[in-house]
Amino acid sequence: MCEYCHQLHCPPGCPNYAPRMSGLTCEECGEPIPVGAVYWDVDGACVCDDCLKTISVFDLLDRKGMTYSDLLELLDIRQMEAEESSEGIDRRDERC
Ligand SMILES: [Zn+2]
Ligand SMILES: [Zn+2]
């Protein structure tokens with residue numbers, strides 16, 4: 001029994017209170033992840049919520065073996081080349 005709160009399981013606020021640990025450890029900061037906390041599965045690696053925010057999108061892509069171009073392709077964002085429009089052609093007339 002706890003000497004401070006005289007309870008078997010210390011509530012938050014007791015000096016002996018320790019959050020239950022999930023057994024998972026963040027692979028970025030090495031901190032254990034408490035039960036109920038949010039964590040991210042980054043390609044099989046366990047990453048805590050705080051750490052995920054510090055990882056750049058480029059780093060994440062790299063971890064997934066993707067390049068920035070792959071991401072753009074996935075989002076259907078294509079690189080286009082502006083072409084010189086033919087002189088004297090009004091595109092609205094073409095449809096008629
Ligand atoms: Zn206690
Ligand atoms: Zn972390």
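This note comments on the fold and a few backbone details of a predicted model.

1. Ground rules. This is a predicted model, in which local features need pLDDT of at least 70, side-chain atom pairs count only at pLDDT 80 or more, and totals for chains, interfaces and linings use all residues. Residues are numbered from 1 along each chain as its sequence is written, while chains are lettered from A and ligands numbered from 1 in the order in which they are written.

2. Elements. The protein has four helices and four strands. Both are DSSP runs numbered from the N terminus: helices are H or I with at least four residues, strands E with at least two. The order from the N terminus is β-β-β-β-α-α-α-α.

3. Overall shape. The radius of gyration is 27 Å, whereas a compact globule of 96 residues would come out near 12 Å. That radius is taken over C-alpha atoms, and the globule rule is 2.2 Å times the number of residues to the power 0.38. Along the principal axes, the C-alpha atoms fill a box of roughly 90 × 30 × 15 Å.

4. Packing. Of the 96 residues, 3% count as buried. Buried requires 20 or more other C-beta atoms within 10 Å of the residue's own; exposed is 12 or fewer; partly exposed lies in between; C-beta atoms are placed from the backbone. Take contacts between residues at least 6 apart in sequence: 2% of them join residues at least 24 apart. A contact puts two C-beta atoms, placed from the backbone, within 7 Å.

5. Strands β1 (residues 21-25) and β2 (residues 32-34) run antiparallel, joined by three bridges. Pairing needs at least two DSSP bridges between the strands. Met-21 has Pro-34 as its bridge partner in β2. Six residues separate the strands, and Gly-30 in the turn has a positive phi of about 80°.

6. Hairpin β3-β4. Four bridges link β3 (residues 39-42) with β4 (residues 45-48), again antiparallel. Val-42 is bridged to Ala-45 in β4. Two residues lie between the strands. Asp-43 sits in that loop. Its phi is near 50°, positive in a residue other than glycine. Asp-43 is exposed, because 9 other C-beta atoms lie within 10 Å.

7. His-6. Another positive phi, about 55°, belongs to His-6, which is not a glycine. His-6 lies in the segment before β1. It counts as exposed, because it has 9 C-beta neighbours inside 10 Å.

8. Ser-69. This residue is in helix α3 (residues 68-74). Ser-69 is exposed, because 11 other C-beta atoms lie within 10 Å. Its C-alpha atom is 9.6 Å from that of Gln-79, ten residues apart along the chain.
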